[in-house]
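Subject: Structure handover

Hello,

Please find the structure below. My notes on it follow.

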Amino acid sequence: MSVFALPYHKTEAMMAMRETLSQGKLLVSASLPSAIKASNQSGFTTLDAQSLYHRANALLTKSNLWGIHQSMKNLKENTMKLKKIITVTIIAFAAFGIWQCTKPVTTTATTTKGTVNLILQKAI
Amino acid sequence: MKKISFLILCGFLGIPSLSFAGASQASFTPTGYKYPIMKISITQAGGVGEQVLYQCAGTTSASCMVDVANPTALSAIGTAAANASIEAATYTTINLYTCPDGTPGTTNTSISVMGTVPATAVAGGPFSTDTNAAGGMIAGTTATFTDITWACSTKSITMTTPFVVTAGSTQNLTLLVDLTNSVWTDANASAGMGGCKADATAAQDICSVMPLVIPYFGSGTPTYERYLVAHINAGTALAVDANAGVNLAIDGNGSVFYAGTQPYFSASSIASTDALKGGPDYNASTRTLSTNADGTIAFQTGGSADNRVGFTAFQRTAVGATHTGTCKNELGTSPTWNYLATRQ
């Protein structure tokens, strides 16, 4: 097990923390004593362990906040996409309606009448 | 009055009744016949589905008088009725309205006729119609129109061959107006007699019937055969007793397409009420008509099983020739009449 220097870059930090947590190498969210113990076993000083612990938790907090921010951002983007889809659909329906109303009327009904010419003549 | 006295005298003396129309009677063909044509329509069987072919622009019978003896006046009706849009259906009846729709039969209208009956037809003649004569006729040959009161009515003419209108079709329907013997003079007519104009004297009066109106939608120019018919209840009828007319209309193929009947009056004609020679009733239009295998014509008049005349084998003959046969009405108890028909 090794304790790595947590990068300050949010994405990298989050990826590193996720990897570390998934491997059980460093439980950043664990208690400080357990973190120091784990660090000492890896050859780190207590001071380093304390520093890493606090920095990792700070980074994790920031990452969590960033994740919320990202989710909000994603929500906003999805909302925008949905709005676009709805807008396009409405426009399509409107165009269809306009086309139906303005296209030339085709008479398909069959007439039920005939024409009769009445003629009156004297019978001679 | 004279005729009635004669009949009473015969009955009192036990002499068999034989009622003559009288020397003062004579049918003739008018040269003018004004008839109120308010509307002409066609209807389907049962009188349903009425379709208007012609509607007079006027609102009263008086404003819709048409001289049906005048070809120009008849042609004007055709012009006004051109290109009528008619519902596709099978039509069986033509209706001629003399008065506006809904007018009761108790309301009077009038026709107006003009013509002259020759001296050879009636004693003391010639006589002509006259506008101012109380009885409608005066001596002489100068004829003017005289009005005759009629009750408002609708003349319904059955088309023995149905008239079929199909969607999108265009066709002609011709009404042939036959005025032959449609009026007659009679010195003994009464003003109470339907279709008559009469005075209280022995002067000549005038009576009328509806002209024969013959529907035609066949091909070719129609022609006509006219017969006078005499009757007797046994033996052979005499031509001089003729008191009815049968008019056949023939299409361009030589086939009879209509048969019209009417009463006929002459100095020697027999009254239709005469038990020995009167014969059936000839005052209705034809309801059914067919041609038998031997070329004779079967036709029945009247609107239902009543006392109107019917023939099972009316023969067609040359002009001047006669034929005999039997006829009767549709009443089960009515006599079968022997008849003799003479082609005019």
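Start with Pro126(B). Pro126(B) sits in the loop between strand S9 (116–117) and strand S10 (127–129) of chain B. Strands (E, at least two residues) and helices (H or I, at least four) are DSSP runs, numbered from the N terminus. The peptide bond from Gly125(B) to Pro126(B) is cis, with omega near 0°.

A word on the source. This is a predicted model: local features need pLDDT of at least 70, side-chain atom pairs count only at pLDDT 80 or more, and totals for chains, interfaces and linings use all residues. Residues are numbered from 1 along each chain as its sequence is written, while chains are lettered from A and ligands numbered from 1 in the order in which they are written.

Next, two asparagines. Asn83(B) is not a glycine, yet has a positive phi of about 60°. Asn83(B) lies in the loop between H2 and S6 of chain B. Asn181(B), also not a glycine, has a positive phi of about 50°. Its loop runs between S14 and strand S15 (183–186) of chain B. Most residues other than glycine have a negative phi, and most peptide bonds are trans.

Now the contact between the chains. Chain B gives 32 residues and chain A gives 14; two residues are in contact if their C-beta atoms, placed from the backbone, lie within 7 Å. S14(B) supplies the largest share of chain B's side, nine residues.

Finally, the strands across the contact. S1 (residues 113–122) of chain A and S6(B) run antiparallel, joined by four bridges. Strands pair if DSSP finds at least two bridges between them. Val116(A) stands opposite Ala84(B) in S6(B).

Best wishes
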